[in-house]
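This report describes one protein chain for a reader new to protein structure. Please keep the sequence and the 3D view open while reading.

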Amino acid sequence: MTRRFLSFTLLATLVAASLLLSGAESRAGFIPVPAPLSVVNNNQVLVGDKTFDFLAATPSGTQPQPLSGITVVPDTPGSGGTTVAPFGFGLNGPIVSAANSGSSQVSATSDLSLTYTVMSSNGPITAVNLSGVGSAIGAGSSINVAELVINPATNATIGTGVLSGSGSITIPLTQSLTTIEVKKDIFATAGPGNASANYSIIDQTFSQGSQSVVPEPASMALLGIGLSGLFTLRRLFRRTSVA
């Protein structure tokens, strides 16, 4: 009975430690993704070795998209085309979408301005990689993403780039930093007449000097507790079988 009691006590301890550590992570203010941009806005997201602090997301234009309809997803190795840089995030839409039925003789627009900081715990960021999937149909229709990268310590611009249409670009940075700020403007214009324009997917990843995966401290603590518990149970059962 004593051995059985010890086994239950050990298992209860492991469960309590797991809940304690997971509670500590949630109290840190990280929002788990996938999640709507309306929830992620003004909060932090942790993806691998990067912390994304979403400072502001502002929809505008004649046909602005609600933030609740835009989903923030994690980009991890093997997903979202992140073979160059391991961790980042993606936006799934409609992110921006504008359309005319054919009777309108003025352009329709949809715009999303997004500002966030990126903090890397695994080496300085050397370049910003941007890709998007969308369409622009009709005369005068267009889609583009303008990106401005800033050193938040000095407010100096360290990189700029514009993605026009679907495709991808890489923005090299004039300074390699572990913390950067990105100002992104995603824009869709549907020309007069029967026209439409939209971005449905935008992915953002980051090139670094070091790209090895570093486990989070809480994950390492859980792993250590779990292994310790397994070894203790193994010794306990071995003694039971010998007896």
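Which residue in S5 is the bridge partner of Asp-75? The partner is Gly-88.

## Source and confidence

This is a predicted model, in which local features need pLDDT of at least 70 and side-chain atom pairs count only at pLDDT 80 or more, while totals for chains, interfaces and linings use all residues. Residues are numbered from 1 along each chain as its sequence is written, and side-chain values use heavy atoms, with hydrogens and water left out.

The predictor's confidence in each residue is called pLDDT and runs from 0 to 100. Its mean for the protein chain is 81, with 71% of residues at 70 or more. Residues 210–223 have pLDDT below 50, and this stretch has 19 contacts in the model beyond near neighbours in sequence; a contact means heavy atoms within 4.5 Å. Over residues 236–242 the pLDDT also stays under 50, and the model has four contacts there beyond four places in sequence. Where pLDDT is low, the predicted coordinates should not be read in detail.

## Overall make-up

The protein chain has three helices and twelve strands. Helices (H or I, at least four residues) and strands (E, at least two) are DSSP runs, numbered from the N terminus. Of the 243 residues in the protein chain, 40% are buried. Buried means under 20% relative accessible area, exposed means over 50%, and partly exposed lies in between (1.4 Å probe, protein chains only).

Among contacts between residues at least 6 apart in sequence, 73% join residues at least 24 apart.

## Strands and their pairing

Strands of a sheet pair through backbone hydrogen bonds, either parallel or antiparallel. Here two strands count as paired if DSSP finds at least two bridges between them. An open sheet of six strands has the order S2-S3-S6-S11-S8-S9, and its pairing is antiparallel. Strand S2 (44–47) and strand S9 (156–164) are the edge strands, each pairing on one side only. S2 and strand S3 (residues 50–60) run antiparallel and are joined by four bridges. Within S3, Thr-51 stands opposite Leu-46.

Strand S5 has antiparallel partners too. Five bridges join strand S4 (residues 71–75) to S5, and eleven bridges join S5 to strand S12 (residues 194–208). Gly-88, the bridge partner of Asp-75, also stands opposite Thr-205 in S12.

## The nonpolar core

A nonpolar core is a set of buried Ala, Val, Leu, Ile, Met, Phe, Trp, Tyr and Cys residues joined through side-chain atoms within 4.5 Å. The largest one has 41 residues, and Leu-37, Phe-54 and Ile-180 have the most contacts inside it. Beyond its neighbours within four places in sequence, Leu-37 touches residues including Phe-54, Ala-57, Leu-67 and Leu-114.

## Aromatic pairs

Rings of Phe, Tyr and Trp (its six-membered ring) pair if their centres lie within 6.5 Å; planes under 30 degrees apart count as stacked, over 60 as edge-to-face and the rest as tilted. This rule gives six aromatic pairs. Phe-54 and Phe-89 form an edge-to-face pair, 5.2 Å centre to centre with 70 degrees between the planes. Phe-54 lies in strand S3 and Phe-89 in strand S5 (residues 88–101), 35 residues apart. Phe-54 counts as buried because its relative accessibility is 1%.

Phe-89 is buried, at 2% relative accessible area. Phe-89 also forms an edge-to-face pair with Tyr-116, at 5.1 Å centre to centre and 85 degrees between the planes. Tyr-116 is in strand S6 (residues 108–120), 27 residues from Phe-89. The relative accessible area of Tyr-116 is 0%, so Tyr-116 is buried. Ring pairs link Phe-52, Phe-54, Phe-89, Tyr-116 and Phe-206 into a cluster.
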